[in-house]
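Have the viewer open and follow along.

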Amino acid sequence: MHSRRSLLGAAAALALAPAARAQPAPAFPARPLNWVVPYPAGGFGDALSRLLAQKLAEGLGQTVIVENKPGAGGQIGAAYVKQQPADGHTLLYGDLGPFAMNAGLYPKLNYDTLKDFAPLTRLLTAPLLVVVPVTSAINSWADLLRAAASPRGLNYGSYGIGSQPHIWGEMLKRQTKGNFTHVAYKGAAPAVQDLIGGQIDMMLDVVANSIPMVRERKLRAVALVGARRRLAQLPDVPTLTELGMPELDAPGWTGVVVRRGTPQPVIDRLHAAVVQAVQSPEVAQRYGDLGLTVAPSSQAEFAELVRSETARWGQVIREAHVTLD
């Protein structure tokens with residue numbers, strides 16, 4: 001009898017063991033989320049993030065706080081997120097620079113995009129414009145190449161050494177064998193002001209920044225970079241593919257990542273919520289007005305984009321001998 005009771009007790013214990021061991025998955029999100037922007041407040045990326053964060057908060061039923069952590073080409077923001085718990089409550093917004101180009105620019109980069117972070121999704125693609133002062137004698141892409149072939153050549157401005165406009169200018173120089181001289185500025189605003197004033201000859205700038213200046217006849221657009229078709233806002237501006245130079249096409253893009261090690265169910269929930277937010281009519285309309293294209297992706301597609309863009313820009317950076325401390 002004693003033996004039988006023991007056997008029955010053991011069987012009951014085994015039957016209950018799984019239930020006792022099973023722990024319910026923690027609720028997500030359990031607290032407000034932080035959306036880290038590695039750029040200053042008031043800038044292009046900050047404005048887009050705040051609009052998106054508002055819609056994301058509605059979808060998740062939790063506050064999403066935008067935190068600006070600028071500096072060191074995005075390294076400060078990336079290092080901050082890398083140090084946070086891998087629980088999905090801290091997201092890192094970024095673009096081509098911190099997610100792909102920095103790997104080639106900084107010999108001692110303090111993070112690795114694919115090893116330290118789990119890509120969630122691409123958010124959008126951003127075409128760029130080649131612009132000149134409205135007072136310039138350059139009225140077309142052909143005019144620009146002719147001017148670059150002259151002994152004087154052309155000065156082109158950028159947001160700073162290692163920025164996409166700088167490295168794209170190096171691509172342009174190598175593809176066309178033109179005489180292009182780089183002039184680095186500390187940000188887009190001073191570069192655009194000098195361009196309008198004629199202190200520099202040309203610049204590659206994101207469409208969202210340039211369209212208002214073109215409409216106000218302060219700048220003239222001569223080519224569209226990184227777009228499959230012409231923009232409705234600027235129907236007379238040809239794409240580089242139309243101009244026979246598809247190898248120079250290099251659209252800007254933005255995306256979002258979380259810490260590597262975040263549980264996959266949390267990543268999946270975040271992916272779905274971010275995609276829903278960026279595809280919401282309010283966000284899509286606002287982005288579209290700025291010439292941007294909402295372009296969410298799967299997690300795997302975004303990871304592959306980061307890999308391919310890191311390789312592409314890394315080669316250009318090495319050939320141009322551009323490095324940053």
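This is a predicted model: local features need pLDDT of at least 70, side-chain atom pairs count only at pLDDT 80 or more; totals for chains, interfaces and linings use all residues.

How many aromatic pairs does the count come to? Four, going by the ring-centre rule.

**Aromatic rings**

A pair of aromatic rings is described by the distance of the centres and the angle of the planes. Two of the pairs look like this:

| Pair | Centre to centre | Angle between planes | Class |
|---|---|---|---|
| F99 and F302 | 6.3 Å | 75 degrees | edge-to-face |
| Y111 and F117 | 6.2 Å | 65 degrees | edge-to-face |

The F99 and F302 pair ties together distant parts of the chain. F99 belongs to helix α4 (residues 96-105), while F302 is in helix α12, 203 residues apart. Both of those phenylalanines, F99 and F302, are buried. Ring pairs also bring in W253, giving a cluster of F99, W253 and F302.

As for Y111 and F117, their planes sit at 65 degrees, so the pair counts as edge-to-face. Y111 is buried, and F117 is too.

**The sheet**

Now for the strands. Five of them make an open sheet with mixed pairing, and the order is β7-β6-β8-β5-β9. At the edges you'll find β7 (180-184) and β9 (219-225), each of which pairs on one side only. From one strand to the next, the twist averages 30 degrees.

Inside the sheet, β5 (residues 128-133) and β8 (residues 202-206) run antiparallel to each other and pair over four bridges.

**Where two helices cross**

Are α7 and α12 roughly parallel or roughly perpendicular? The axes of α7 and α12 (residues 299-320) come within 10 Å and cross at roughly 70 degrees. Angles of 65 to 115 degrees count as roughly perpendicular, and the two helices are therefore put in that class.

On the α7 side, the contact is made by Q164, I167, W168, E170, M171 and R174. From α12 come R312, W313, V316, I317, E319 and A320. By type, the residues of this contact split into seven nonpolar, four charged and one polar.

Note on methods. Residues are numbered from 1 along each chain as its sequence is written. Side-chain values use heavy atoms; hydrogens and water are left out. Two strands pair if DSSP finds at least two bridges between them. Axes are lines fitted to C-alpha atoms, for helices over the stretch in contact, and angles run from 0 to 180 degrees between N-to-C directions. Angles under 35 degrees count as roughly parallel, over 145 as roughly antiparallel, 65 to 115 as roughly perpendicular and the rest as oblique. Contact means heavy atoms within 4.5 Å. Ala, Val, Leu, Ile, Met, Phe, Trp, Tyr, Cys and Pro count as nonpolar, Asp, Glu, Lys and Arg as charged, and the others, Gly among them, as polar. Rings of Phe, Tyr and Trp (its six-membered ring) pair if their centres lie within 6.5 Å; planes under 30 degrees apart count as stacked, over 60 as edge-to-face and the rest as tilted. Buried means under 20% relative accessible area, exposed over 50%, partly exposed in between (1.4 Å probe, protein chains only).
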